[in-house]
Amino acid sequence: ARHYRAIASGRPVMNAEPAYEAHRVGGGVGRFGRAAVRRQIWESVVAGASAGVAYGAHGLWGWHRDGDPFTSVHFSGTPLDWREALLLPGADDAVACRRIVEAEGLFQLAAPVWEQLRVADRGWGADQVIAGIDAVSGAAAVYLPNGGPIELASESVTAVRRVIDLEHAQEAAATVNRSPDGHWVIDPWPAVSEALVVLDLS
């Protein structure tokens with residue numbers, strides 16, 4: 001999404017085909033579960049998929065019925081019956097994403113410039129953190145795929161609006177400290193393994 005947002009020239013960006021829940025990992029070992037699909041949803045939205053991201057459940061997209069032939073088992077894995085796929089829990093995460101984006105005004109997220117907001121951490125996992133700024137609403141979002149703590153540098157952030165536990169789609173407790181050099185250290189409650197930090201900008 002970040003790549004396409006950079007070349008979109010104002011056009012909407014959408015991730016129309018992230019991993020489908022319960023789909024085999026492209027001929028490899030295992031299947032995409034709820035957490036992997038949720039991560040792709042949030043990586044897409046915060047990186048700039050302003051038109052949204054699709055959710056797919058393996059078996060539902062083709063209206064598969066148990067016992068029907070399926071020609072791509074070697075790559076995709078055997079699909080669920082569509083009635084089972086309809087009940088997979090990842091769909092709830094897609095709904096929660098929409099609710100959070102609308103409530104927080106995160107409609108036009110794009111990569112921030114250096115002075116606005118950047119990850120100051122250099123340790124393991126820092127390269128997986130994604131930040132986006134919505135210049136219209138004056139908000140920013142930072143996606144933490146592995147929880148916290150995170151250190152951010154910014155000349156524009158005025159406050160930490162909230163921290164959201166994405167696994168449970170609810171607000172999470174967090175400690176927030178700001179240093180004199182303008183760095184923010186945000187540490188969600190230790191049991192939060194995946195979080196979204198929503199920030200207010202000047």
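A salt bridge here is a side-chain nitrogen of Lys or Arg within 4 Å of a carboxyl oxygen of Asp or Glu.

The model is predicted, and its local features need pLDDT of at least 70, side-chain atom pairs count only at pLDDT 80 or more, while totals for chains, interfaces and linings use all residues. Residues are numbered from 1 along each chain as its sequence is written, and side-chain values use heavy atoms, leaving out hydrogens and water.

E102 is partly exposed, with a relative accessible area of 42%, whereas R98 counts as exposed at 58%.

Another salt bridge joins D81 and R83, whose closest N and O atoms are 2.8 Å apart. Here D81 is buried, at 6% relative accessibility, and R83 is partly exposed at 41%. For these labels, buried means under 20% relative accessible area, exposed means over 50%, and partly exposed lies in between (1.4 Å probe, protein chains only).

## The nonpolar cores

In soluble globular proteins, nonpolar side chains tend to be buried together. A nonpolar core is a set of buried Ala, Val, Leu, Ile, Met, Phe, Trp, Tyr and Cys residues joined through side-chain atoms within 4.5 Å. The largest one in this model has 21 residues, and L117, V142, L152, I186 and L199 have the most contacts inside it. The elements that give two or more residues to this core are β4 (130–134), β5 (139–144), β6 (150–153), β7, β10 (183–188) and β11. Strand β11 gives the most, with four residues.

Setting aside neighbours within four places in sequence, L117 is in contact (heavy atoms within 4.5 Å) with residues including P112, I133, V142, L152, V157 and L199. There is also a second, separate core of 19 residues, which includes C97, I130, A141 and Y143.

## The whole protein

Stepping back, the protein has five helices and eleven strands. These are DSSP runs numbered from the N terminus: helices are H or I with at least four residues, and strands are E with at least two. Among contacts between residues at least 6 apart in sequence, 67% join residues at least 24 apart. Buried residues make up 42% of the 202 residues.

The C-alpha atoms fill a box of roughly 65 × 40 × 30 Å along the principal axes. What is the radius of gyration of the protein? It is 18 Å, which agrees with the value near 17 Å that a compact globule of 202 residues would have. This radius is taken over C-alpha atoms, and the globule rule is 2.2 Å times the number of residues to the power 0.38.
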